[in-house]
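Hi everyone, thanks for making time this morning. Please have the sequence and the model open while I talk.

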Amino acid sequence: MGSVSYVLAAAVLAALVSGGACIPKVPPGPNITTNYNNQWLSAKATWYGRPTGSGPKDNGGACGIKDVNLAPYNGMIACGNVPIFKDGKGCGSCYEIKCQKPSPCSDKPITIFITDKNYEPIAPYHIDLSGTAFGAMATPGKEQTLRSFGELELQFRRVRCKYAPGTKITFHVEKGSNPNYLAVLVKFVSDDGDVVQMDIQESKSPAWIPLTLSWGAIWRWDGAKPLKGPFSIRVTSESGKKLIAKDVIPANWKADTVYTSNVQF
């Protein structure tokens, strides 16, 4: 939640205490889809965390992705509101954003990744940016001046995610996972960037077992019959494209471990 977010919350509380009117809730806009029509939309922009930071203090967020201060995110991250975050199914999606006003704005598009959520009802589309990303919309040398405005109107549009050559879809088996409970985070997904379904397959079975979205970009399976690795994972992106990471999780897998596939959209 951004610094401006706390100001808004304080204003609401003050209005209630003084008997004044509450700040009206603005309903969310339609979900942003993968039509990639290049149309710019308007959104409210705020920022949170340290001025030159990567949003949350732990460099994480509601998608479950860690180290967003490091490559490939490099702090260029944001919280999306309901039609952008989509209860986690928008995690990893990419957007170009730019601002024209106030004067420190460069009007040049930059690319951000959605790694966190923001459900404050202040606009149909509300993007709460890291301090780094908010400042990146400014002309060179005016980053802190732009951040000092706290809130502004920006233009945004969905774009295909592009990672450095050789980047592959990566999975993290979450802490607490065991043969009867498997939770897997997915990240570094090119093209749509987000994942709307994951399925798992044991090496000795032809059947695909659907995983349930747990939270953020983390998908889980739990059942009475233990799973036996190695496991293949099938990933479905928002536009319906599918990829299979064959035997990406080995037979001797461990919780709290990263496994990198050899596939990418």
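First, some ground rules. This is a predicted model, in which local features need pLDDT of at least 70 and side-chain atom pairs count only at pLDDT 80 or more, while totals for chains, interfaces and linings use all residues. Residues are numbered from 1 along each chain as its sequence is written, and side-chain values use heavy atoms, with hydrogens and water left out.

How confident is the predictor? pLDDT is its confidence in each residue, from 0 to 100. The protein chain averages 92, and 91% of the residues score at least 70. Please be careful with residues 1-21, though, where pLDDT stays under 50. For that stretch the model has 24 contacts beyond four places in sequence, a contact being heavy atoms within 4.5 Å.

Now the domains. The domain assignment, which is an automatic or database one, gives domain 1 as 41-159 and domain 2 as 170-260. Their centres, taken over C-alpha atoms, are separated by 28 Å. Across the boundary, 17 residues of domain 1 are in contact with 16 residues of domain 2. UniProt, in an unreviewed entry, places "domain: Expansin-like EG45" at residues 60-166; such annotations may be inferred rather than shown by experiment. That span is 13% helix and 29% strand, and its end C-alpha atoms lie 24 Å apart. Helices (H or I, at least four residues) and strands (E, at least two) are DSSP runs, numbered from the N terminus.

Let's look at strand E2, residues 77-80. Which of its faces are covered? Both are: Ile77 and Cys79 on one side, and Ala78 and Gly80 on the other, are all buried. Buried means under 20% relative accessible area, exposed over 50%, and partly exposed in between, with a 1.4 Å probe and protein chains only. In a regular strand the side chains alternate between the two faces of the sheet. Two strands pair if DSSP finds at least two bridges between them. E2 runs parallel to E4, with four bridges, and Ala78 stands opposite Ile114 there. With E5, E2 runs antiparallel, joined by three bridges, and here Cys79 stands opposite Asp128.

That brings us to Asn118, in the loop between strand E4 (110-117) and strand E5 (126-130). Is Asn118 buried or exposed? It is buried, with a relative accessible area of 5%. Leaving aside residues up to four places away in sequence, Asn118 touches Cys79, Gly80, Asn81, Val82, His126 and Asp128. With His126 there is also a side-chain to side-chain polar contact at 2.5 Å. A polar contact is a pair of N or O atoms within 3.5 Å; within protein, one must be able to donate a hydrogen and the other to accept it, and residues adjacent in sequence count only if both atoms are side-chain atoms.

My second residue is Ser93, in the loop between helix H2 (82-85) and strand E3 (94-98). Ser93 counts as buried, at 1% relative accessibility. Its side chain reaches the backbone oxygen of Gly90 at 2.6 Å. Beyond four places in sequence, the residues Ser93 touches include Ile112, Phe113 and Ile114, as well as Asp192, Gly193 and Asp194.

Last stop: an open sheet of four antiparallel strands, in the order E10-E9-E13-E14. Its edge strands, E10 (209-210) and E14 (242-249), each pair on one side only. Five bridges join E13 (residues 231-237) to E14, and Ile233 stands opposite Ala245 in E14.

Methods:
pLDDT is the predictor's confidence in each residue, from 0 to 100.
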